[in-house]
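Here's a quick tour for anyone meeting this protein for the first time. Have a look at the sequence and the 3D view, then read on.

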Amino acid sequence: MKKLAKLYIFVVLLFGALFVEANLLYTSIVKKSNEASNIFMNRAVDGIRQKYIMRTIQYSYIDPLTGEGIQKIIDEYLEENRAELEKEYGKTALPQEAVYISISEKGNTDGLLLLNKENTRDKVWKFYGKDDTTLIGFLLFRYKEKDAGAIHVLLNACLVIAFIIAITICIYIKGAVLRPFEKLSDYPVKLSKNEITEKLPETKNRMFGRFIWGVNMLSDNLQNKQKKVDELSRDQMTMLTTIAHGIKTPVANIKLYADAIRTGLYQENGEINKSDAEIAGKINKNADDITEIVKELIDKTSGTVVDFEPKIESFYLEELRSFLEEEYSNRLKVNSIPYTFELNHNAIVKSDKSGICRILSQIMENAIKYGNGEGIHVSLSKEEDGYYFVIKNKGKVLSEKELPYIFNSFWRGSNAESVGGNGIGLFEAKKIARYLYGDIYVKVNPDENEMEFDVYIPENV
């Protein structure tokens, strides 16, 4: 899930950047809008004042103290230049109305200046007379109120909602897609290593339904082929064993006859004939070669039954417990078999994880097949000299006479009469344990009807 953690970090950083960028952009837009309004007002005040000067020269009815006539000049200026001003500064830069306020209406300038606050768009400009020094009144530009603060809050709220939606989608993808797929992606690897025999559980998730169906078909196909291979191997071993026993007596007789000839036993005078002795020696050597070839064939055939090459890696004992839990817990629950997977210490193991999983799988399969359903107990522990994995199950136990043969290839005990199998599982488990410089020991407790398999793997391979 490290990739998913990176996805969460990416989403957080992305929305953090969007949040900062959106606020900066909003601030920039507001700033530009205010600057355009200020430039417009500055130009409008200058234009209105020029128009006021021209009118005071021509007409006498304009009174700056009462504001008579000045309001009309303001309205005319805005009406005449509105199209040009809107084109140059934008529609939002123009006020809803512009009002002239004479000094006599307020009596001082301080109160008017207080109107220029940050939280309002209304602005007051000083209005001077003809000489540019005499303050005769003020121009108040009133704008349509826009709650900039509310817009700002709404923008940030939308970003927060979008962030929550994105995180929710990520969580959904994790639960509905990534986590199931991660589990599914491990299945073909385990299947190729012969670590599991359970099928993938059916799911209502349409995204993986056909994939699960296809993988389960592949699993059935591989298991059927493996079964045929095991049967062929068993037949081959049986044939070779029969040949070996069939050849053993004739070859032994040939060797005896060759020795008799070599020692001159068949000579009338009892003397050794050098020529016959030389030929007898060659016959004896060929007989030894035949015996060695048969033995080599049997050894090679036995070796090909187990396809395993150790790959040493470091992992925790907890990973083995998790493997057993994932592969067998549902199956044991469905079959109503009580079980415990006990871990006494989460030590680091340096060995072949896949090989150990195959050993545990073989023994667990036997525990399920040959047990009576009363319970299976697995203990994973770290001791001074290495690691011990103990599997106990209750059921029909083997006799002491059968125990020496339990790890032989294609051998099946007296408790396997009505249970399918080829007698390869424990042979394979033993071979893998030996490849890892370990071993497997079997114990029987007849009083408790309990079989116990102890797997030992050395600490340093």
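Which side-chain oxygen reaches to the backbone nitrogen of Ser-354 at the start of H9? Asp-352 supplies that oxygen, and the two atoms are within 3.1 Å of each other. Keep in mind that this is a predicted model.

## The whole protein

Let's step back for a moment. The protein has 461 residues, and 38% of them count as buried.

As for how the chain meets itself, take the contacts with a separation of 6 or more: 68% of them are between residues 24 or more positions apart.

## Helix H9

Back to H9, which runs over residues 353–370. This helix is mostly covered, with 16 of its 18 residues buried.

At 1.5 Å a residue, 18 residues should span 26 Å, and the C-alpha atoms at the ends of H9 are 26 Å apart, so the two values agree.

Leu-18 sits in helix H1, which covers residues 2–58. Is Leu-18 buried, exposed or partly exposed? Its relative accessibility is 40%, so Leu-18 counts as partly exposed.

Terms used. Residues are numbered from 1 along each chain as its sequence is written. This is a predicted model: local features need pLDDT of at least 70, side-chain atom pairs count only at pLDDT 80 or more; totals for chains, interfaces and linings use all residues. Side-chain values use heavy atoms; hydrogens and water are left out. Helices (H or I, at least four residues) and strands (E, at least two) are DSSP runs, numbered from the N terminus. Buried means under 20% relative accessible area, exposed over 50%, partly exposed in between (1.4 Å probe, protein chains only). Contact means heavy atoms within 4.5 Å. The expected span of a helix is 1.5 Å times one less than its number of residues. A polar contact is a pair of N or O atoms within 3.5 Å; within protein, one must be able to donate a hydrogen and the other to accept it, and residues adjacent in sequence count only if both atoms are side-chain atoms.
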